[in-house]
Amino acid sequence: MISKNDVKYIQSLFHKKTRDAEGLFIAEGPKLVNELLESSLLIKQVYALPEWIEQHPNVEGVKIISEIELQKISGLQTPNQVLAVAIKPVLNTEPVLAGQLSLVLDGIQDPGNLGTIIRIADWFGVNQIIASEDTADIYNPKVVQATMGSIIRVKVWYKHLDEWVANVTVPVFGALLNGTNINNCEKIKEGLLIVGNEGRGIRPEILPFIQHPLTIPGRGKAESLNAAVATGIILSHIT
């Protein structure tokens, strides 16, 4: 059973202002919640259907709810057994750029794209992302869902990018329409890969800092690629 106040509170966490104020985020579905439970992240509360609880008898403090109650607190079109309210981890350190490849996102505003990019980064072993301040919130429930658990393993910092990139000492690569064909690139062991906004690309203020522009060669007539798709293709060639 879940109270009306609990329903209102959980619904409020779908808004960034409340997530920031409370330091919490929502995760839904067995796969995502199971990964959270197995991680070092702290969970404030789990709400689940009886069948999920039967399959996870060792999880303590779970609130049993009905399918109708799950529908009231879920952000999914088809709610899936369990919802967790988790505590956002606090990043007390700065990203370490030396000796590894880091991803830089300039204005990725679509939550699905951002979540997919985080998942792609995790697949290719890129465990840190630096994002512009106008990039979507990584704790937006749609972003969390699209990461399929990778949000647990990939750290994300938000920075004023043009000022931040100006002070880095590692090589800076950028996904641009005119650059080195990625088929001719060597593997990159250290540096930043900058990926731009879905529509406008990398903003002009950042372009002067890109030392190594990279291009995905195309054969058709499409003007551009989806940002997440482009990220995956480039990382598959340079990692």
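The legends below accompany close-up views of a predicted model.

View 1. Within the order, strand 5 (residues 101-105) and strand 9 (residues 191-195) are joined in the parallel sense over 5 bridges, and Ser-102 has Leu-192 of strand 9 as its bridge partner.

**View 2. The largest pocket and its lining.** The space in the largest pocket amounts to about 600 Å³. Its lining comprises 26 residues, and those that lie nearest the centre are Leu-176, Leu-177, Glu-223, Ser-224 and Leu-225. Strand 8 (172-181), strand 10 (212-215) and helix 9 (227-238) are the elements that give two or more residues to this lining. Sorted by class, the lining of the largest pocket holds 13 nonpolar, 8 polar and 5 charged residues.

**View 3. Glu-223 in the loop between strand 10 and helix 9.** Is Glu-223, one of the residues nearest the centre of the largest pocket, buried or exposed? With a relative accessibility of 75%, Glu-223 counts as exposed, because the cut-off for that class is over 50%. Glu-223 and Leu-177 are 46 residues apart in sequence, and their C-alpha atoms are 9.5 Å apart in space; Leu-177, too, is among the residues that lie nearest the centre of the largest pocket.

**View 4. The second largest pocket and its lining.** About 420 Å³ of space lies in this second pocket, which is lined by 19 residues, with Pro-89, Leu-91, Ile-138, Tyr-139 and Val-156 nearest its centre. Two or more lining residues come from each of helix 2 (16-22) and strand 7 (155-159), and strand 7 gives the most, with 3 residues. The lining of the second largest pocket has 11 nonpolar, 2 polar and 6 charged residues.

**View 5. The surroundings of Ile-151.** Ile-151 is placed in the loop between helix 7 (141-147) and strand 7, and at 10% relative accessibility this residue counts as buried. Which residues does Ile-151 touch, not counting those up to four places away in sequence? The contacts are with Ile-118, Ile-138, Tyr-139 and Val-144. Ile-138 and Tyr-139 also belong to the residues nearest the centre of the second largest pocket. The C-alpha atoms of Ile-151 and Tyr-139 are separated by 8.8 Å, while the two residues stand 12 residues apart along the chain.

**View 6. Strand 4 and its antiparallel pairing with strand 1 and strand 2.** Of the 6 residues of strand 4 (82-87), 5 are buried, so this strand is largely enclosed by the rest of the structure. Strand 1 (24-28) pairs with strand 4 in the antiparallel sense over 5 bridges, and the bridge partner of Glu-28 in strand 4 is Leu-83. Strand 2 (43-48) pairs with strand 4 in the antiparallel sense over 5 bridges, with Ile-43 opposite Ala-86 of strand 4.

**View 7. The buried residues of helix 1 and helix 3.** In helix 1, which covers residues 4-12, the buried residues are Val-7, Ile-10 and Ser-12. These residues pack against helix 2, strand 1, strand 2, helix 5 (67-73) and strand 4. Helix 3 (residues 30-38) has Pro-30, Leu-32, Val-33, Glu-35 and Leu-36 as its buried residues, and they pack against strand 1, strand 2, helix 4 (50-55), strand 4 and helix 7.

Definitions and conventions
Residues numbered from 1 in each chain as written. Predicted model: local features only at pLDDT ≥ 70, side-chain atom pairs only at ≥ 80, totals over all residues. Heavy atoms only, no water. 1 Å grid on protein atoms, 1.4 Å probe; cavity = no way out; pocket = protein on both sides within 12 Å on 5 of 7 lines; lining within 4 Å. Points joined across faces, edges and corners; volume = space filled by probe spheres on them. Helix = DSSP H or I, 4+ residues; strand = E, 2+ residues; numbered from the N terminus. Nonpolar A, V, L, I, M, F, W, Y, C, P; charged D, E, K, R; others polar. Buried < 20%, exposed > 50% of the residue type's maximum accessible area, 1.4 Å probe, protein only. Contact = heavy atoms within 4.5 Å. Pairing = 2+ DSSP bridges.
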